[in-house]
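These are my notebook entries on one structure. I set out to look up its pockets and then its strand pairing.

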Amino acid sequence: MILYQGSNRVVEQPKLIPQNRFLDFGKGFYTTENKSQAISFADKVYRRRKIGIPTVSIYEFDEQVAFTVCSLLRFDSSNEDWLDFVSANRNGTYHGTNYELIYGAVANDDIFATFMLYAGGELSKEETINRLKVKNLYNQLVLRSERAISYLKFVGVLNEKEQL
């Protein structure tokens, strides 16, 4: 599996670092199979930090082994379980199993308004899920342990033409 990670610098050796905000799948090293999503995220990180350059690092990931050896939580759709999990993580209230790998849809900027309406109690779970079904949701794979990260192999970065 080829994975991409957008940042404001090259990340040859991924590390688990403390995070200062609540993310979809909690703390971890966030990657995606979607090149355009990683490009977009690299630009956001660069604009937020105002240092470095938008950079997309590329990795090979041995999912055949990692998905067997590491504890894995997988969401194949943006269903009720996914919504509950993402909501709890974004609110900082998730205290369940500490998975090493989490795979599923990204609650990206495209669905942020819908997500906020749900979080504010203006939409029910069913209404929220129905709205999400019509969105083109990208995926993410979050590596949350050193063992999970050990299955990543850095292979390079996207060049400027690939990022346009």
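**Pockets**

I began with the largest pocket, which has a volume of about 1,300 Å³. The model I am working from is predicted.

I next looked up the lining of the largest pocket and found 42 residues. Arg-21, Leu-23, Tyr-30, Phe-41 and Arg-48 lie nearest the centre of this pocket.

Helix H1 provides the largest share, nine residues.

I sorted the lining of the largest pocket by class and noted 17 nonpolar, 15 polar and ten charged residues.

I turned to the second largest pocket, which holds about 270 Å³ of space. Its lining consists of 16 residues, and the closest to its centre are Phe-22, Gly-26, Lys-27, Asn-89 and Arg-144. By class, I recorded four nonpolar, nine polar and three charged residues in the lining of the second largest pocket.

**Sheet**

I looked up the sheet and found four strands in the order S2-S6-S5-S4, forming an open sheet with mixed pairing. Why is one side of S2 and of S4 left without a neighbour in the sheet? Strand S2 (29–31) and strand S4 (72–74) stand at the edges and each has a single partner strand, so one side of each has no neighbour there. I also noted that neighbouring strands of this sheet are turned by 15° against each other on average, direction ignored.

I followed S2 to strand S6 (residues 139–143): the two run antiparallel and are joined by three bridges. For Thr-31, I recorded Leu-141 as the bridge partner in S6.

Methods:
Residues are numbered from 1 along each chain as its sequence is written. This is a predicted model: local features need pLDDT of at least 70, side-chain atom pairs count only at pLDDT 80 or more; totals for chains, interfaces and linings use all residues. Side-chain values use heavy atoms; hydrogens and water are left out. Two strands pair if DSSP finds at least two bridges between them. Axes are lines fitted to C-alpha atoms, for helices over the stretch in contact, and angles run from 0 to 180 degrees between N-to-C directions. On a 1 Å grid over the protein atoms alone, a cavity is a set of points where a 1.4 Å probe fits but cannot get out, and a pocket is an open set with protein on both sides within 12 Å along at least five of seven lines; lining residues have an atom within 4 Å of a point. Grid points are joined across faces, edges and corners, and a volume is the space filled by probe spheres set on the points. Ala, Val, Leu, Ile, Met, Phe, Trp, Tyr, Cys and Pro count as nonpolar, Asp, Glu, Lys and Arg as charged, and the others, Gly among them, as polar.
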